[in-house]
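Here is a short tour for your next look at the model on screen. Please keep the sequence and the 3D view open side by side as you read.

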Amino acid sequence: MTPTAITLRADPRTDARSHVYIGLAVSFARASGTVPGTIAETDRAWPLRVRRIIGARLRHWGRPDLAESAELLATELVTNALKHGRGDVGVRIYPRADRLRIEVRDGSHECPVPRTATLDNEDGRGLLLVIAIAEDWGVSPDGTTTWCTLPF
């Protein structure tokens with residue numbers, strides 16, 4: 001797993017908002033034999049890996065204040081992609097104007113729909129967390145990418 005983008009920074013003595021940032025993109029293939037609706041045992045490590053990568057990148061960008069929220073949002077979106085998507089999973093984070101955008105591509109054209117989970121349900125709260133924490137969220141027109149933003 002190798003990031004497909006690099007980060008360039010301006011003079012470190014300048015304000016963090018004046019730095020030049022180039023986003024991060026990570027893609028990984030889901031385990032063979034994956035059954036829709038479940039996450040293969042070998043894929044269960046991916047949400048934590050992505051969480052750590054995003055946290056490290058935000059700290060590198062001088063924005064550790066965003067790490068906890070961005071890590072949680074990415075974890076929920078990657079988990080949904082593994083459970084409900086098809087094919088490879090791609091994750092991108094990048095600043096866009098004054099927003100941090102997190103995108104997760106899962107290959108499925110089926111748009112995610114927030115569910116109402118009962119107290120006994122073990123899942124069904126991921127998108128509700130995204131809605132509660134993110135400034136905005138949505139799905140690409142073709143349904144393959146779910147995104148969310150945080151103020152940057």
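This is a predicted model: local features need pLDDT of at least 70, side-chain atom pairs count only at pLDDT 80 or more; totals for chains, interfaces and linings use all residues.

We begin with strand S5, which spans residues 145–151, and move on to pairs of charged side chains, of which seven count as salt bridges.

- Strand S5 is mostly covered, with six of its seven residues buried.

**Partner strand S3**

- Strand S3, made of residues 99–105, runs antiparallel to S5, and seven bridges join the two.

**Partner strand S4**

- S5 also pairs with strand S4 (residues 136–139), again in the antiparallel sense, and this pairing has four bridges.
- Here a handy landmark is Trp-137, which stands opposite Cys-148 in S5.
- S4 and S5 together form a hairpin, with five residues lying between the two strands.
- In the turn of that hairpin, Gly-143 has a positive phi of about 80°.

- As a reminder, side chains of opposite charge can pair when their charged atoms come close.
- Arg-101 and Glu-103 form a salt bridge in which the closest N and O atoms are 2.7 Å apart.
- Arg-101 counts as buried because its relative accessibility is 14%, under the 20% cut-off.
- Glu-103 also counts as buried, because its relative accessibility is 12%.
- Arg-101 and Glu-103 belong to a network of salt bridges that also includes Arg-92.
- Arg-63 forms a salt bridge with Asp-65, and the closest N and O atoms of this pair are 2.7 Å apart.
- Arg-63 is buried, as its relative accessible area is 12%.

**A salt bridge with an exposed partner**

- The side chains of Glu-41 and Arg-44 meet in a salt bridge, with an N to O distance of 3.4 Å.
- Glu-41 is exposed because its relative accessible area is 64%, and exposed means over 50%.
- Arg-44 has a relative accessible area of 49%, so Arg-44 is classed as partly exposed.

Methods: Residues are numbered from 1 along each chain as its sequence is written. Side-chain values use heavy atoms; hydrogens and water are left out. Buried means under 20% relative accessible area, exposed over 50%, partly exposed in between (1.4 Å probe, protein chains only). Two strands pair if DSSP finds at least two bridges between them. A salt bridge is a side-chain nitrogen of Lys or Arg within 4 Å of a carboxyl oxygen of Asp or Glu.
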